[in-house]
Amino acid sequence: MIKNTYRCFVMGAKVRALPEAADYLFALLLPMQHIDPLLHLYKQNSKLPIRIISPAFGHLSTEIMNKYGLTHRKTHYFFLFMLEGSTRHGVDLRQFDVNENELLFILPHQIHQLPSTKHGTDYFKLGFDENCLSLLPKQYPFLINPFNNQKIQFAPQAAARLKSIFNILQELLKEMGTNPDLILAHLNSLLAEINVAYFSSHKSPVDDKLSKYISFKLFVENNLSDQPTVIDIAEKLAINTNSLYNIVKHYSGQSPKEFITNRLVLEAKRRLYYAENSSVKELAYELGFNDPEYFSRLFKKVTGKTITTFVQDLSGN
């Protein structure tokens with residue numbers, strides 16, 4: 001059984017000085033606002049950090065939502081289930097069109113871009129955090145997103161069941177004093193439905209190989225700034241490097257080394273987007289690069305852009 005599946009990772013490492021010319025880049029973007037997590041300030045149950053929204057329920061005022069902005073880094077799990085109509089949301093600088101009977105899920109620490117105009121006529125939005133997950137009787141591997149696919153399409157019967165569970169959760173969350181056990185029971189049913197649909201769409205049962213791949217992704221997330229070697233990871237997973245290569249290549253289309261590199265660059269892009277660091281040197285430090293100049297070269301190799309160009313493109317300059 002995979003333990004602590006949804007735990008966040010912490011950055012930290014050593015670094016050498018980067019030429020000061022790179023430091024001005026971060027001035028091109030506004031820094032991210034640091035505000036209290038929405039779920040804790042505006043939760044809908046006295047004991048659980050959870051919120052549900054539908055067209056007629058749960059909306060916060062425009063003034064409150066403006067504090068969070070259209071684009072922000074998620075501090076919790078977020079689900080959008082479209083019942084009627086369509087909408088478009090951005091996740092980690094990618095755009096997803098979400099249509100009828102489709103669900104989009106977003107993980108903590110991912111960048112979420114809300115649509116600037118309202119779309120869709122009927123939907124449910126659900127947010128909950130690690131505390132809720134820790135109280136459930138089992139874990140759901142789809143929340144690791146092993147296939148890198150955050151949008152799930154549901155067959156009509158499954159969509160009807162999902163709608164029913166969302167409706168029950170909404171009724172339960174209309175009262176702050178609802179017994180948490182009732183909410184958690186239906187949240188568990190909801191995640192079970194989504195987990196089955198996620199893996200059914202890929203026609204791949206959760207076998208030992210997929211479990212190893214999920215463990216690989218977890219290890220990378222939890223040790224990202226340490227930049228573990230492929231040999232280190234294989235030893236931790238109790239398999240040889242050739243088996244690890246074949247498993248990761250099969251499920252991700254990348255070698256383990258490429259996967260780790262791309263994950264590091266994705267995290268760099270997230271932080272550049274928000275200007276969370278005062279300099280490229282600081283960013284390289286937090287991502288575990290001992291040579292910031294190498295980090296800059298690697299970023300260009302993977303993205304096709306220098307860090308300067310990437311930041312300028314984000315700022316529109």
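User: Which residue in E8 is the bridge partner of Ile-53?

Analyst: Lys-125 is the bridge partner of Ile-53. Bear in mind that this is a predicted model.

User: What makes E1 and E8 a pair?

Analyst: The count of bridges. Pairing needs at least two bridges between the strands. Strand E1 (residues 50–53) is joined to E8 by four bridges. E1 and E8 therefore count as paired. The two strands run antiparallel.

User: And what joins E3 to E8?

Analyst: Seven bridges do, and the sense is antiparallel. Strand E3 covers residues 77–84. Two bridge partners show how E3 sits against E8. Phe-79 has Leu-126 as its partner in E8, and Phe-78 has Gly-127.

User: Why is E8 called mostly covered?

Analyst: Strand E8 spans residues 122–128, and five of its seven residues are buried. Buried means under 20% relative accessible area.

User: In what order do the strands of this sheet lie?

Analyst: The order is E1-E8-E3-E6-E9, in an open sheet of five strands with antiparallel pairing. The edge strands are E1 and strand E9 (151–153). Each of these two pairs on one side only. Ignoring direction, neighbouring strands in this sheet are turned by 15 degrees against each other on average.

User: Which helices pack on this sheet, and at what angles to E8?

Analyst: H4 lies across E1, E3, strand E6 (102–106) and E8, running at about 60 degrees to E8. H5 touches E1, E3, E6, E8 and E9, and its direction makes about 110 degrees with that of E8.

User: Why are H4 and H5 called roughly antiparallel?

Analyst: Helix H4 (residues 156–172) and helix H5 (residues 180–200) pack at an angle of about 160 degrees. The cut-off for roughly antiparallel is over 145. The angle passes it, so H4 and H5 are roughly antiparallel to each other. Their axes are 10 Å apart, and the crossing is left-handed.

User: What does each helix bring to that contact?

Analyst: Among the H4 residues are Leu-162, Ile-165, Phe-166 and Leu-169. H5 brings residues including Ile-183, His-186, Leu-187 and Glu-193. The contact residues of H4 and H5 divide into 12 nonpolar, two polar and two charged.

User: Why are H6 and H8 called roughly perpendicular?

Analyst: The axes of helix H6 (residues 208–222) and helix H8 (residues 241–252) cross at roughly 90 degrees. Roughly perpendicular runs from 65 to 115 degrees. The crossing falls in that range, so H6 and H8 are roughly perpendicular to each other. The axes come within 10 Å.

User: Which residues make the contact of H6 with H8?

Analyst: H6 contributes Lys-209, Leu-210, Lys-212, Tyr-213 and Phe-216. H8 contributes Leu-244, Ile-247, Val-248, Tyr-251 and Ser-252. By kind, the residues are seven nonpolar, one polar and two charged.

User: How do you know that Pro-256 is buried?

Analyst: Its relative accessible area is 3%. Buried means under 20%. The value is under the cut-off, so Pro-256 is buried. Pro-256 lies in helix H9 (residues 256–274).

User: What does Pro-256 touch, beyond neighbours within four places in sequence?

Analyst: Pro-256 is in contact with Phe-216, Val-230, Leu-244, Tyr-245 and Val-248. As for Lys-217, 39 residues away along the chain, its C-alpha atom is separated from that of Pro-256 by 9.7 Å.

User: Is Asn-101 buried or exposed?

Analyst: Buried. Asn-101 has a relative accessible area of 19%. The limit is under 20%, so the label holds for Asn-101. Asn-101 is in the loop between E5 and E6. Leaving out residues up to four places away in sequence, Asn-101 touches Phe-81, Met-82, Ile-152, Gln-153, Phe-154, Pro-156 and Ala-159.

User: What makes E2 and E5 edge strands?

Analyst: They belong to an open sheet of four strands, ordered E2-E7-E4-E5 and paired antiparallel. Strand E2 (71–73) and strand E5 (94–98) each have a single partner strand, so one side of each has no neighbour in the sheet. The twist averages 25 degrees from one strand to the next.

User: How many bridges pair E4 with E5?

Analyst: Five, in the antiparallel sense, with strand E4 at residues 87–91. In E5, Gln-95 is the bridge partner of Gly-90.

Methods:
Residues are numbered from 1 along each chain as its sequence is written. This is a predicted model: local features need pLDDT of at least 70, side-chain atom pairs count only at pLDDT 80 or more; totals for chains, interfaces and linings use all residues. Side-chain values use heavy atoms; hydrogens and water are left out. Axes are lines fitted to C-alpha atoms, for helices over the stretch in contact, and angles run from 0 to 180 degrees between N-to-C directions. Angles under 35 degrees count as roughly parallel, over 145 as roughly antiparallel, 65 to 115 as roughly perpendicular and the rest as oblique. A crossing is left-handed if the near helix is turned anticlockwise from the far one by less than a right angle, and right-handed if clockwise. Contact means heavy atoms within 4.5 Å. Ala, Val, Leu, Ile, Met, Phe, Trp, Tyr, Cys and Pro count as nonpolar, Asp, Glu, Lys and Arg as charged, and the others, Gly among them, as polar. Buried means under 20% relative accessible area, exposed over 50%, partly exposed in between (1.4 Å probe, protein chains only).
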